[in-house]
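Work through the following exercises with the sequence and the three-dimensional view side by side. Try each task before reading its solution.

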Amino acid sequence: METPEALRDRLLARFPGASIELVPNGSPSAQVSFRIGPAALREVACFLRDDAELALDQCSNVTGLDVPDREVVETVKESQPGAPGGPPVVTERKQTRLQPGHLEVVYHLYSVARRQGPVILRARTGNRTDAVTLPSLTPVWRSCEFQEREVFDLFGVVFEGHPDLRRILMWDAFVGHPMRKDYVEPDDYEWEPTPHGDVLAKARRHYPSAAAPGAVQPSP
Amino acid sequence: MMLPDPAATGLARVRKIEGDALGLRTPAFAPTEGAGDLLEVSLGPHHPSTHGVFRMDVVLDGERIVRLKPVFGYLHRNHEKLGEATSYLGSMPYTDRLDYLNSMTNNWAYALAVEKLAGIPVTERAEYVRVVLAELSRLLNHTCLAGFLMQDCGCSGTPLMYAFREREKILDLFESLSGSRMMCNVQRFGGCRVDPSAEWLAATRRLVDGYGAFLDEFEALLSGNEIVMARTQGVGRLPAALAVNAGITGPMLRASGVGHDLRKVDGYGVYPRFNFRVPIGRDGDVYDRYMVRMLEMRESIAILDQALRDLPGGPILDPKAKQRGLRPKAGEAYGRIEGPKGEIGFFLVSDGTGNPTRYRVRAPSFVNLTVLEDLCLGHTVADAVIILGSIDIVLGEVDR
Amino acid sequence: MLGKGLLQGLAVTAKNLVGSYHDPARYVTQEYPEVPPKLPEAYRNFPFLVSETADDPMGTLRCVACQICEKECPPQCIYIEKSKDKKPDATGKPQIYPAVFAIDTAVCMSCQICVEVCPFDAIKMDQEFAIAATDRFGGLLLNREQLAKPNAYYHQIHPTEAAEVDARLAAERRAAEEKARLAAAAKAAPKAAAPASAAMSPTRTAPAPTAAVPPPAPPPSSP
Amino acid sequence: MILAVAPASPADAWLERAPLLLRDALTGWLPDALRPWVSALLSIAVILGVFGLLFAYMTLAERKLLGRMQNRPGPNRTGPFGLLQPFADAIKALTKEDIVPRAADRVLHFLAPVVLVALSLLGLAVIPFGRNLVAVELEAAVLYFFAAGAATELSIFMAGWASRNKYSLLAAMRALAQLISYEVPLLLSVVPVVVVAGSLSTTGIVAAQGGWAAGIWPHWHALTPWGFSAFAVFMIAALAESNRSPFDLPEAESELIAGHLTEYSGFKYALFFMAEYLGMAALSAMAVTLFLGGWQAPLGLLEFVPSYAWFGVKLLLLLLGFIWIRATFPRLRIDQLTRLSWKFLVPLALVNLLNGGFWAATADWSGPAAAVRWLVSALLVVVPFVALARSLAAGYGPRTYRYAPS
Amino acid sequence: MSDAPTAASVPGPISAEERDELRRHGILLTSVQELYNWGRSHSVWPLNFGLACCAIEMIAASMAKFDIARFGSEVFRPSPRQADLIIVSGTVTKKMAPHVVRLWNQMPEPKYCIAMGACAISGGPFKQGYNVLKGIDRYIPVDIYIPGCPPRPEALLHGLVELQEKIRQQPLRGPDAPRHLRSDLPCDATVPELGATDIEPPFSPDVWKPPTLVRPDKA
């Protein structure tokens, strides 16, 4: 199979307007991936599937990723005109900026016919709240059907063109997307004999009278 | 005694899914002309043949299935979320509980993914031991599957009893090696936690030598049985093109005639050193899926033979390989192996801390269920039950 | 011919029916309550705490309340509170001990990671499995007293492993003593009058049994 | 053995006459007007007692034999060797809460098991359990038996319908299909027996099977070509009629939970259970009567054993066959079930009618002609069997498998 | 169930004299009780109901090597109407919990519940999960808890023997009488409903009484 760089160039040549970039991978696995803009995702996917050399006929794995909003502290240098004739006065100021997070969907593609792979596609949503729509690849690979439903259920990515986008693992009336990093679990804590860490914090909330509920024996 | 082709029964194809690029989805069937009311039945989540807490919402025209919607999530126990809150080592025992019949292969797939992510080499002896354990696990899984499938066909427990009789023999081996019957937790990053002793290897050899006789008896009981053939042949046909596109892997894909086996394709571990064949079916029906597994077991016996013969000495686990407090460099890795049910993969994303920031399980039986509706449409409830049985699902893995 | 497969199947079940009366391979039932299961040495169910002696289990726990197992336990079923004071351990060195050590067997998944990570060989896996209870909290939460079992019991259930552990511990102790002796000798060297450090320290009589001779098996302490 | 010296006629043996003697002893002191009534009641009580016990121990035998075929002992701790297991189950079942679903038809829901048990018992009235041991002597006993038996499937339909449960409803539909399909071969397989024996009375049919050819080959119908074929068809249809594996479609556990029984608990469920075994026993008893010579001994030498013992032995063997089959086979599908009946059993039974007629018409052939008679009859069985089996099995069979090129 | 029944609804506990009196007059009472308890303890038919990993060991317990049939319990009934025992074998998720409780309600009395394995008892290793019920005893009265992950089949057999013993010891009258003979106890368990984030109610106060916290040093 061609190198990722060659494939990227070929894709760029085939889809000139599309946003296609190579995402490096720092781990020894060196499985690099392609980040594709949502606009061209479906066409690129179809091309990858139907291209005779690649023949990526199987989408093995579909994953969601949650990159939460992050506060970035950055230093801003401001230069103001100083005293006339003198050098400008440069003041450094730290400011925090909210870097909006996003949701990402990762597709692992393999070729059963040519026994090669993986080619990894990624697509990103605009943010984590309102612009969470991505094109569905279910019409390209049936194997995405349930896995995209799962990503919708647990991460909240809305797949456009999915034939049956409903919750799959949680019940229909459920609100929220549990696999997101900021998901808060329902507080169903009642009594735990061996609490520590987060559980201990919960225990303290529930039993404020017991300063540090340790491994306690139930009262007879 | 075969059902006629659904197309010939007056069930017309009525609906085409929009945007279906390949036209591979089997459209829903319309009920026969002049049929009475349709019956909606919910098979599961408590049902003897759903292999756990799985549910199929079916719409029946008489006994014929007009629509079938699988409903998941009754065993969704947040495996992936827990994996992101647990250290790399701490997730290993959790993987035992994914496909709880095959903790050995789950362990291996997870270890492989972490080894890829952190660049950990595996010792030679451990590679062989992994093969031995994985093939024993495959024997166990396929044996149990055949038993459960025949139970679904309406046997009064006999094949299942024989299957579990053999399963107990394999479990005894697992238990004497790892300390647990089902939740073995054997693999570690870079090798195995335990080193099989000479006695253990001898016991395994005895089991492997006797397994062929068991398979012969089991096949005498069932494979040539006219009722089994009538029930399973021609039921739930899966065409190869749909199988590949729908991400079907493992014996189910091979039963459809695609000779795709990750042991050959990826050649992970030391599999390229072994001489074995990949049986494939032609019709992709329930009988083929059953028979492919029976034949695969015979190949597993051949692999076990060679692995036990060639097992090298040396350390089982590299003492330098870090287990506790492993912090791989930021990056990601997808590792997959040929599990007994198909491609089991782990996708791990590290941000350089002690926990993975994304821990994803690519569960074969979950993806294999994609085509359940396609296989069942036009068949009867009794067929749906054995079709589900032949897909070989384990809910721990489907719902995670 | 139609029926051949059916007859073959009938023959198989008939063979098993007859075989169940004379062939042990075709009659595999182990009548559990009467015939106790043959547990392999490696079998593990729930952890227990190793104490050096059976007489004073609380005084001779190997556990030093380092809390590594509590932190590493995947389902977080261990709870430890450190003691405020120190007690001498087996080698006489003052150590912190667990004031509270509880394992919730209603949560434990028998994964053995606590055993693997314990640097002091203080926690091992028990083989007791017949522990059904009618009361979840009273019966399944095991405290320090219920968890402590003597080293001899450990030898009884995992002989090979226990022998290795004891050998290793003895070697470590010898090395420590050697080191201490050398240090003492180095300190004593200027005072030439110091007698040979034969009488090292009378308190350090290691109670650990040697690896070669397992101690007589006492009755297992009831859980 | 007391009877080692056989009396002139086995019918006069003391053990042979013991049941009748006992009855006479019990009823002898009664006025003549009462005597037939009391003896009828006595027969009912005996049939209920014997078949009640038979039911109890059939369940145990089934569990134990199934266990043995599956390499395990089965129930063995309730009483010595588990012999009290059926009684523990009975106590449990009788004291269990009885639940009637709110939506169910209460009357039908209650009637179904009662009717089923009553009808299963009715058939036993005309079975000759031994020489002179028949509760009701009827001219048209065979007709009566099958009329009573046909109604059992109806009560299964009642149960399925009354439960207002979708699984039960599916089971009810299956039961109807099964009923209609298998009554036909069941009855057709009996017709040649009636033709050959020239009687509709069960005692007459048993009497027709008395004696031995060459002193060793009993004149049982099952031991003639046409009889064997009829016997096989009868047994297969009997399996289906009593809803036993591989025809247990209405109760198909792996598909329909418990089918028509899904909504039944406690003693009503126990009644269904009982009816299944009683029905099985009744059909087996009929098979023994029609094809296996009833209470006749297999060899003249063995006539000293009382006739009812022979009947019991044959009945038990057939019942064991039911258990053996249950332990081995998977279940058929509903369309295969009906196809097996209409495309295989019914044609086979129809040809067999001809065969039976031929046999009856050639009753006086002897010498070399007898050999021709046997040959023709055998051909009339084998040829249709092969042809029908081939058409039934068309489209499936063992397959050969390939391996992927590596 | 330590709270005493209210005097109005059931006859109070039998005093020792009363019991003696009864014994003197009616051997029948005790013998009926014994017969009844013997019968139902030897005929415990489990519901054919599995949830997760433990279900495989439950199946294994009914297979040849362990053979639960020896205790008369191999009759795994698929319909709750005919079952006496529900073995909650595996993780009960919140999505599944209403179904489990409904199955329990569909079973006729007398009925028993075994919580098999860590997950059924407390949520086990998965109890920190958002979709995992932290113990089936929040809704269903559990008779026997079998810890283990999963418990060996022998442990299940041991639990069954314990259950049989418990049944045999049950007096038919008085405060320790089995649930189905006491009119003061609710006959149906509360079936939770699937809410927006959790199941509601999170536990049934009739059944679930978590222990009060007592610090060991203050106890």
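Residues are numbered from 1 along each chain as its sequence is written, chains are lettered from A and ligands numbered from 1 in the order in which they are written, and side-chain values use heavy atoms, with hydrogens and water left out.

**Exercise 1. Find where the confidence of chain A and chain C is lowest and highest among their elements.**

Step 1: begin with the whole model, which scores ipTM 0.86 and pTM 0.87. The score used for single residues is pLDDT, the predictor's confidence in each residue, from 0 to 100.

Step 2: take chain A, where the mean pLDDT is 82 and 88% of the residues reach 70 or more. Its elements are helices (H or I, at least four residues) and strands (E, at least two), taken as DSSP runs and numbered from the N terminus. The lowest mean among them, 68, belongs to helix α4 (residues 198-206) of chain A, and the highest, 91, to strand β6 (residues 102-111) of chain A.

Step 3: turn to chain C, with a mean pLDDT of 79 and 83% of its residues at 70 or more. Here helix α4 (residues 136-140) of chain C has the lowest mean, 80, whereas strand β4 (residues 123-125) of chain C has the highest, 90.

Step 4: Where pLDDT is low, the predicted coordinates should not be read in detail.

**Exercise 2. Describe the interface of chain B and chain D.**

Step 1: count the residues, of which chain B gives 58 and chain D gives 39.

Step 2: consider the area, since the size of an interface is often given as the accessible area lost when the parts come together. Between chain B and chain D about 4300 Å² is buried (accessible area, 1.4 Å probe, lost on being put together and summed over both), and carbon and sulfur atoms give 57% of it.

Step 3: look for salt bridges (a side-chain nitrogen of Lys or Arg within 4 Å of a carboxyl oxygen of Asp or Glu), of which there are five between chain B and chain D. One of them joins Arg399(D) to Asp288(B), at 2.7 Å from N to O.

Step 4: ask which elements of chain B take part. At least two residues each come from several elements, including α4 (124-152), α5 (158-178), α7 (226-232) and α11 (286-310) of chain B, and the largest share, six residues, is that of α7(B).

Step 5: look at the strands, where β6(B) and strand β3 (residues 402-403) of chain D pair in the antiparallel sense over two bridges (pairing needs at least two bridges found by DSSP). Within this pairing, Ile280(B) has Arg402(D) as its bridge partner.

**Exercise 3. Which parts of chain B does the salt bridge of Lys341(B) and Asp99(B) link?**

Step 1: locate the pair, whose side chains meet at 3.3 Å from N to O.

Step 2: place each partner. Lys341(B) sits in the loop between β7 (331-339) and β8 (342-350) of chain B, and Asp99(B) in the loop between α2 (91-96) and α3 (103-118) of chain B, so that distant parts of the chain, 242 residues apart, are linked.

Definitions and conventions
Contact means heavy atoms within 4.5 Å. Buried area is the accessible area (1.4 Å probe) that two parts lose on being put together, summed over both.
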